[in-house]
Amino acid sequence: MAEAKNWALFLDIDGTLLDLAAKPDLVVVPAELPGVLAALTAHLGGALALISGRTLSDIDWLFPGGGDAAGSHGAEWRRAGMVKASAAVGPELHALAAGAETLPGILVERKPLAVALHYRDAPQLAAQVRGLAHNAVAAAPVALRVLEGKSVIEVVPANADKGAAISRFMTCPPFAGRCPVFIGDDVTDESGFSAVNRLGGRSIHVGGNIDSVASRKIASPTAVRRWLAGVERKLRGHAHGQS
Ligand SMILES: [Mg+2]
């Protein structure tokens, strides 16, 4: 395993860096976290990216600064300030969103490239929501797929995939040639774990409640933040102590 100073760090946000909340806009960014991430980014020569199901604009609301990131499960991708994105969603997803909004307890999140249907407050409607999502995919003239996460069913572009997003970063400076490390918590992170496993990196799964292809486990977002702060201290010591 490569030394930490040679890592490329890929971090999921919800359930990994941040504790999950009842709704996506109720998450809390701990005061010290942005500073730790900024310092890690500097120690790693810029090789740190956030890899989230959230949109890029949502990522920037939580972590301002326009850093490298993949949003919407990789359908949006930004490196060195340059954004690339899949085509915006068509009318079939607007129809899906409108249909789901009639279901009590379902929180509909309209994204530029996807629609997320959160059923945390109405778990009895999960099968119905799943049916609506699959119908929308079948009816769409463009390639879409259903992506399931914790209490959420999403319809995303078929090419949206966290593993593909990480692999793409790894072909570009300053990521290329480094050892990829990806931390995530959900089934939507499994493609990312597979990608770093293939590249000889380190895959770390947060929490222990689902089967994962990740090679390591860590207990909770609190433990992730503590671990990252420890890596940052170690790299800072390396930068200052040995020259
Ligand atoms: Mg997550």
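How far apart do the C-alpha centres of domain 1 and domain 2 lie? They lie 26 Å apart. The structure is a predicted model, in which local features need pLDDT of at least 70, side-chain atom pairs count only at pLDDT 80 or more, and totals for chains, interfaces and linings use all residues. Residues are numbered from 1 along each chain as its sequence is written, and side-chain values use heavy atoms, with hydrogens and water left out.

Domain 1 comprises residues 4–84 + 160–241, and domain 2 comprises residues 91–157; these bounds come from an automatic or database domain assignment. Domain 1 brings 19 residues to the contact and domain 2 brings 16, where contact means heavy atoms within 4.5 Å. About 1,400 Å² is buried between the two domains, 58% of it from carbon and sulfur atoms. Buried area is the accessible area (1.4 Å probe) that two parts lose on being put together, summed over both.

Two salt bridges cross this interface, each being a side-chain nitrogen of Lys or Arg within 4 Å of a carboxyl oxygen of Asp or Glu. The side chains of K23 and D121 meet in a salt bridge, at 3.6 Å from N to O.

Attention now turns to helix α3. Helices (H or I, at least four residues) and strands (E, at least two) are DSSP runs, numbered from the N terminus. In α3, residues 91–100, the buried residues are E92, L93, L96, A97 and A100; buried means under 20% relative accessible area (1.4 Å probe, protein chains only). They lie on the same side of α3 because they cover an arc of only 140 degrees around the axis, taken from the directions from the helix axis to the C-beta atoms. Their cover includes β6, β7, α4, β8 and β9.

Methods:
Buried means under 20% relative accessible area, exposed over 50%, partly exposed in between (1.4 Å probe, protein chains only).
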